[in-house]
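Subject: Structure handover

Dear colleague,

Here is the structure for your files. Please keep it beside you while reading the notes.

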Amino acid sequence: MRAANSHFGKHYINGVWTTPKGAMIDVENPATREIFARVPDGTPEEVDAAVAAAQSAFPRWRSTPLAQRIALMEEMLRRFCEKTEDVIELEVAELGAPVAFARSKHCLYQQKRTAAFIAAARSIAAEEAFPASLVMREPVGVVAAITPWNYPLGQIIQKVVPALLMGCTVVLKPSEWTPLTAVLLIEAFEEAGFPPGVLNLVQGYGETVGEAMTGHTGVDLISFTGSTAVGRRIAGRAAPMMKRLILELGGKSAAVWLPELEGHEAGRMAAKKVL
């Protein structure tokens, strides 16, 4: 078991693994009920430090050539791929995922998605001219990324990797239920040589760390996946500050069965996926 990783008990702020100021949160194996690791119970002051680091790093990061950001992300992916077996073991331990599913969906698929984001970054034009307009794509600033328990690594990848590639800086709060693979990912970013402050990790509960992040004046965009109730609260807090929001909320993935699919191969495949 990788619970001996000393970084599990720390935040990552401004390029440094920092000793927490508050209490600790037990991480439980849902299959065995074993407490096998502990992460920090973050404080608003630690969120302040992380946001300040991201703000300070943003001007230089946004000015870093895209080719250089891509090269750093490719190196991060290479380093992260070296941690494959550790990631699988942790997904089994902290999430209770079956080994095969942890390998295919929680690990290898996320590596492929990262590669796809890198490929997309190469093809996106910073400016695109139309007959009567000009579209300019610019980094928004500091992104607060708050992720759920059910796809610990996947949700982080889809929020953090595109933001960094496009020149934003990030403060990440993973779920306190499944916080450990985030640490391995942060280690890969650190090993790849990402500048201090570009990516920060603050562990903790939503009602403390999440609240501090979503109400922080230094955050420009909030990307949250979770319950509708929490999403409503985040939207209410963000509105007076005109923050940009990306909210993935509540129950979803409804299926509509169309009569013309009866007996069609696509229909059989869809039914298999749903069931």
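The notes below cover helices, loops and a cavity.

This is a predicted model, in which local features need pLDDT of at least 70 and side-chain atom pairs count only at pLDDT 80 or more, while totals for chains, interfaces and linings use all residues. Residues are numbered from 1 along each chain as its sequence is written, and side-chain values use heavy atoms, with hydrogens and water left out.

Helix 2 and its surroundings

Helices (H or I, at least four residues) and strands (E, at least two) are DSSP runs, numbered from the N terminus. Helix 2 spans residues 66–81, 16 residues in total. From first C-alpha to last it reaches 22 Å, close to the 22 Å expected at 1.5 Å a residue; the expected span is 1.5 Å times one less than the number of residues.

Its buried residues are Arg69, Ile70, Leu72, Met73, Met76, Leu77 and Phe80. Here buried means under 20% relative accessible area, exposed over 50% and partly exposed in between (1.4 Å probe, protein chains only). These residues are on the same side of helix 2 because they cover an arc of only 160 degrees around the axis, the arc being that of the directions from the helix axis to the C-beta atoms. Their cover includes helix 1 (44–63), helix 3 (84–95), helix 4 (99–123), helix 5 (152–165) and helix 6 (180–192).

Gln111 lies in helix 4 and is buried, at a relative accessible area of 11%. Leaving aside residues up to four places away in sequence, Gln111 touches Leu77, Phe80, Cys81 and Thr84, where contact means heavy atoms within 4.5 Å.

Helices 7 and 8

In helix 7 (residues 206–214), the buried residues are Val209, Gly210, Ala212, Met213 and Thr214. Among the elements covering them are helix 1, strand 7 (142–146), strand 8 (169–173), strand 10 (221–226) and helix 8 (228–238).

Helix 8 has Gly231, Ile234 and Ala238 as its buried residues. They lie on the same side of helix 8, since their arc around the axis is only 60 degrees. Ala229 and Arg232, on the other side of helix 8, are exposed. The buried residues of helix 8 pack against helix 7, strand 10 and strand 11 (244–249).

Loops

Asn14 is in the loop between strand 1 (11–13) and strand 2 (16–18), and is partly exposed at 41% relative accessibility. Arg33 is in the loop between strand 3 (24–28) and strand 4 (35–40), and is exposed at 59%.

Glu138 sits in the loop between strand 6 (133–136) and strand 7 and is exposed, with 54% relative accessibility. The C-alpha atoms of Glu138 and Arg62 are separated by 8.5 Å, with the two residues 76 apart along the chain.

The cavity

The structure holds one cavity of 30 Å³ or more. A cavity is a set of points on a 1 Å grid over the protein atoms alone where a 1.4 Å probe fits but cannot get out, and lining residues have an atom within 4 Å of a point. The largest cavity holds about 40 Å³ of space. Its lining consists of Tyr12, Gly15, Phe189, Glu190, Phe194, Pro195, Pro196, Gly197, Val198 and Leu199.

Regards

Methods. On a 1 Å grid over the protein atoms alone, a cavity is a set of points where a 1.4 Å probe fits but cannot get out, and a pocket is an open set with protein on both sides within 12 Å along at least five of seven lines; lining residues have an atom within 4 Å of a point. Grid points are joined across faces, edges and corners, and a volume is the space filled by probe spheres set on the points.
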